[in-house]
Amino acid sequence: MIAALTLLILMIASTAPAGSLEWDAIGGPHGGKVTALANGASNHELFAAHTNLYREPKHIIYRSEDGGSTWQPVFPVPVVVTSLCTHPRYGHVFAGTRTWGGSGIACYRSLAGGDPHTWTVADAGLEGDVQDMILLDDG
């Protein structure tokens with residue numbers, strides 16, 4: 001029997017003293033696949049979108065406030081998250097989704113740093129059913 005759950009180790013880049021990039025392995029959310037990753041407003045904050053088709057909820061956005069040592073679920077998403085983006089000044093978090101078939105929500109946002117119960121639909125004016133990349137204008 002093939003194991004249904006796998007553990008994904010996230011690789012986070014850090015700058016070495018000599019100016020080259022080094023990668024450090026950190027533990028990610030358990031038992032599935034990370035589909036998107038973003039830095040948070042602080043240096044040690046990370047967001048990861050996670051999919052595990054073998055348990056409910058299947059799609060969850062997690063937040064780490066300690067550089068990836070521990071992860072807390074902050075929002076169960078009904079569809080696969082394909083992109084995450086944070087606003088460095090205000091801490092807003094956006095999640096683009098893949099909804100297949102033209103029905104469903106294309107984007108969610110939290111205006112409170114990704115805190116649980118602060119996520120709302122934010123797809124007004126967006127066309128299509130896939131948001132594979134989200135970019136923010138800092139202006």
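## The open sheet

In this predicted model, 4 strands come together as an open sheet, and their order across the sheet is E7-E8-E9-E10. The pairing between these strands is antiparallel. Strand E7, which covers residues 80-86, and strand E10, which covers residues 119-121, stand at the edges, and each has a single partner strand, so one side of each is left without a neighbour in the sheet. On average, and with direction ignored, neighbouring strands of this sheet are turned by 25 degrees against each other.

## The pairing of E9 and E10

Strand E9 is made of residues 107-110, and its pairing with E10 runs in the antiparallel sense over 3 bridges.

A disulfide is a covalent bond between the sulfur atoms of two cysteines. The structure holds 0 disulfides. Cys85 is in no disulfide, and the nearest cysteine sulfur to its own, that of Cys107, is 9.3 Å away. Cys107 is likewise in no disulfide, with the sulfur of Cys85 as the nearest cysteine sulfur, 9.3 Å away. A pair of cysteine sulfur atoms has to lie within 2.5 Å to count as a disulfide.

Are these two cysteines buried or exposed? Cys85 has a relative accessibility of 13% and therefore counts as buried, and Cys107, at 6% relative accessibility, counts as buried too, because the word is used for values under 20%.

Key:
Residues are numbered from 1 along each chain as its sequence is written. This is a predicted model: local features need pLDDT of at least 70, side-chain atom pairs count only at pLDDT 80 or more; totals for chains, interfaces and linings use all residues. Side-chain values use heavy atoms; hydrogens and water are left out. Two strands pair if DSSP finds at least two bridges between them. Helices (H or I, at least four residues) and strands (E, at least two) are DSSP runs, numbered from the N terminus. Axes are lines fitted to C-alpha atoms, for helices over the stretch in contact, and angles run from 0 to 180 degrees between N-to-C directions. Buried means under 20% relative accessible area, exposed over 50%, partly exposed in between (1.4 Å probe, protein chains only).
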